[in-house]
Amino acid sequence: LTGVHADAEREAFAKLPPFPLSGAAEICHIVLMKALPALVERDLTEFGEAIRRIQMSLGDYFAPAQGGTRYTSAKVAAAMAALETHGAKGIGQSSWGPTGFAFAESENEARRLIDCVRENNAQENPIMLICKGINHGAKIAIIPNSQDQG
């Protein structure tokens, strides 16, 4: 599977109309009023709903360049639908795909979700990884230039 990239990505952007100001305003509102507060409150359900709404808006905008769907891959779309059916939060697609993503409350919940998807999509057998967020701000280290010493 491959997503849209390189010349195909440039061509897709050239064919798409400008993203509507109302859509950009809605996404900003969702981020500021829903997603960020939910993060602070550690409310995965609300955070996931905010991300899902953003992803739906962006997926609808990019659909003409993705074969008329919110995902560049039918296999990823099927896996995302299965994840959502079984309780995953905040499903979406990373950039032009084909990588999809979803959130879970814990590693055990993530494993359960993966098992559910694999049971229902055995012939597709999507590659699924469990990743953990880096839960701290940026760290900056100053490394002295070896030429400056001496």
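Cys116 counts as buried in this predicted model, at 13% relative accessibility. Its sulfur lies 19 Å from the closest cysteine sulfur, which belongs to Cys131, and that is too far for a bond. Cys131 itself is exposed, with a relative accessible area of 67%. A disulfide is a covalent bond between the sulfur atoms of two cysteines. Here the structure holds zero disulfides, and the distance tells you why: a pair would need its sulfur atoms within 2.5 Å, while the sulfur of Cys131 finds its closest cysteine partner, Cys116, at 19 Å.

Cys116 is one of the buried residues of H5, together with Ala110, Leu113, Ile114 and Val117.

Glu105 sits in the loop between strand E2 (100–103) and H5. Is Glu105 buried or exposed? With a relative accessible area of 59%, Glu105 is exposed. Between Glu105 and Lys89 there are 16 residues in sequence, and the two are 8.7 Å apart in space, C-alpha to C-alpha.

Ser57 belongs to helix H3, residues 44–62, and counts as buried at 18% relative accessibility. Leaving aside residues up to four places away in sequence, Ser57 touches Phe19, Glu26 and Ile27.

Here are the four residues with their accessibility side by side.

| Residue | Relative accessible area | State |
|---|---|---|
| Cys116 | 13% | buried |
| Ser57 | 18% | buried |
| Glu105 | 59% | exposed |
| Cys131 | 67% | exposed |

**The whole chain**

Stepping back, the protein has five helices and two strands. Along the sequence they follow the pattern α-α-α-α-β-β-α. With a radius of gyration of 19 Å, well over the 15 Å that the globule rule gives for 150 residues, the protein is more spread out than a compact globule. Its C-alpha atoms fill a box of roughly 65 × 45 × 35 Å, taken along the principal axes.

How much of the protein is buried? Buried residues make up 30% of the 150 residues. As for contacts, if you take those with a separation of 6 or more, residues 24 or more positions apart account for 55% of them.

**How confident is the predictor?**

The mean pLDDT of the protein is 88, and 91% of its residues reach 70 or more. Which helix has the lowest confidence, and which the highest? Confidence is lowest in helix H1 (residues 6–15), at a mean of 83, and highest in helix H2 (residues 21–40), at 97.

Conventions:
Residues numbered from 1 in each chain as written. Predicted model: local features only at pLDDT ≥ 70, side-chain atom pairs only at ≥ 80, totals over all residues. Heavy atoms only, no water. Buried < 20%, exposed > 50% of the residue type's maximum accessible area, 1.4 Å probe, protein only. Helix = DSSP H or I, 4+ residues; strand = E, 2+ residues; numbered from the N terminus. pLDDT = per-residue confidence, 0-100. Rg over C-alpha atoms; globule rule 2.2 N^0.38 Å. Contact = heavy atoms within 4.5 Å.
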